[in-house]
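Colleague: Please take a close look at a single part of this model for me. I would like the overall setting, then the details.

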Amino acid sequence: MPRRLLIVAYFFPPVGGVGVERTLKHVTYLPESGWQPVVIAPRNSAYRVVDEGSLVRIPPGTEVHRALTFEPAHARRLTARVLGRRAHPSGSAPSAARPSSAEIGGRLRDAANTAWATVIPLAFFPDQQLLWVPGAIIAGWRAHRSNPVHAIYSSSPPVSGHLAAMVLQRLIDRPWIADFRDPWIGNAFAPELPTLHRRMQATLERQIVTRADAVVLATAELAEQYAARYPSFGSRFVHIPNGYDLDELQKDPPTAMPPDDPEHWAGHFHLIHAGSLYGEQELNTFLDGVGEVLKRRPELGDRLRVDFVGWFGAGNAAIAARRLPDFEPVVRHLGLRPRPEAIARQRGADAALVLIARDSASGGGAFAPTKMYEYLGLDLPILAVAPHGAIRDILDELDWGVAVDPTALGVADGIERIMAMDAESGHRIADPERRYERRSITGRLVDLLDTLSAPSKEPR
């Protein structure tokens, strides 16, 4: 009989975004090693990306228990609808006859957004998914009572998932693995918290680290940072990287470029960034670099085409609205796309971009985004605009791509080098040993589960 692993994961289809991939791929490949996943996921997520079509990606027969969640975003959307109706009571678009009504509605929405951005992160700690925790605990307890589990695995962000797993560990007395896809303390992309919240954050993180039987980190740099922060528990930290799913990437490859403006593709060097851009200045750094390289070599304006496929954080979205028109047709932002289309666009590209503008001192060096591994799985040459750290270490290990400092001059040099590399080199395999293939990565998790699942933890 397979052993059962209780997985507490907020990011699980139909919730979208790259945060889904790590857990979903574990769920896909765990049964091959005798572990049956039992997933606790939200029923009514208010996350910004929810794709009901992504439910087909859950392997058939997977046991999934859905828990209700009540999140500030639910109330925010309701408020926006109410304010919208006040601004346009007839349901029609604003007109010259009612300018003051539209202006009032807009001002109310702006005021509500400002208050929301200030108050909600302080009121909902550790995150906006806090009220999902009770439902997740109840769902996990019922799943165990129905058919006992052998271990618990929780994934963050959101850290609220670890809270639910911590309580479940107490209730059912099973080994618990806490997986930090991103760091919590020291996250380069998280807003700074007030002193009180930083203290609560430190206390809660220590509770997670000391209560979990193992703490998994997605990069070696993060594992080292956590071991240094908690030296008494150093042996508890395990590095299990992200990866790529070769089965998915090679499934039904297209015979031609993805549908698009033919003039955008024909005869051009196509560089793609597939994924979210979370920071505040990444796009500024990149566009400054594009401007520099076009100043050096104006003829590249007829060859280079850069597509950003994915979500932009508020800072980069504002930069895009202000600056991208000046870079047409060289750079464009296509927004979110269904995953099959995003993969197809990557297949059709000549090279791929990783963009981290944060320096190593602010934590940027500890990140290795999931999209980079998918680039490797597609054997795409990689231009990594990133500080020294995890990204460069992986590329050095594989002798792959071009890595440059996150500066305008670095971007300009990197674009010239990656375009020259494409012209001079034949086809190579980025990861010939398949060390970052998802089956192999899940195998590392299985080894850890097997070690932790001692006879004393057998279901009672």
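**A negative patch and its surroundings**

Modeller: Of the contacts (heavy atoms within 4.5 Å) in the protein with a separation of 6 or more, 78% join residues 24 or more positions apart. This is a predicted model, so local features need pLDDT of at least 70 and side-chain atom pairs pLDDT 80 or more, while totals for chains, interfaces and linings use all residues. Residues are numbered from 1 along each chain as its sequence is written, and side-chain values use heavy atoms, without hydrogens and water.

The protein has 16 helices and 13 strands (DSSP runs, H or I of at least four residues and E of at least two, numbered from the N terminus). Of its 460 residues, 52% are buried (under 20% relative accessible area with a 1.4 Å probe, protein chains only; exposed is over 50%, partly exposed in between).

Now the close look: Glu224, Asp393, Asp396 and Asp399 make up a negative surface patch. Glu224 sits in helix 7, residues 220-229, and counts as exposed because its relative accessible area is 56%. Asp399 follows helix 14 and has a positive phi, near 50°.

Helix 14 (residues 390-398) also has buried residues: Ala390, Ile391, Arg392, Ile394, Leu395 and Leu398. These pack against several elements, among them helix 7, strand 11 (351-355) and helix 13 (370-377).

Note on methods. Patches are made of residues with over 30% relative accessible area and no salt bridge: like charges are joined within 9 Å, nonpolar side chains (Val, Leu, Ile, Met, Phe, Trp, Tyr) within 5 Å. Accessible areas come from the Shrake-Rupley method with a 1.4 Å probe; for residues, only the protein chains shown count as cover. A salt bridge is a side-chain nitrogen of Lys or Arg within 4 Å of a carboxyl oxygen of Asp or Glu. Lys and Arg count as positive and Asp and Glu as negative; His and the chain ends are not counted. The place of a charge is taken as NZ of Lys, CZ of Arg, CG of Asp or CD of Glu.
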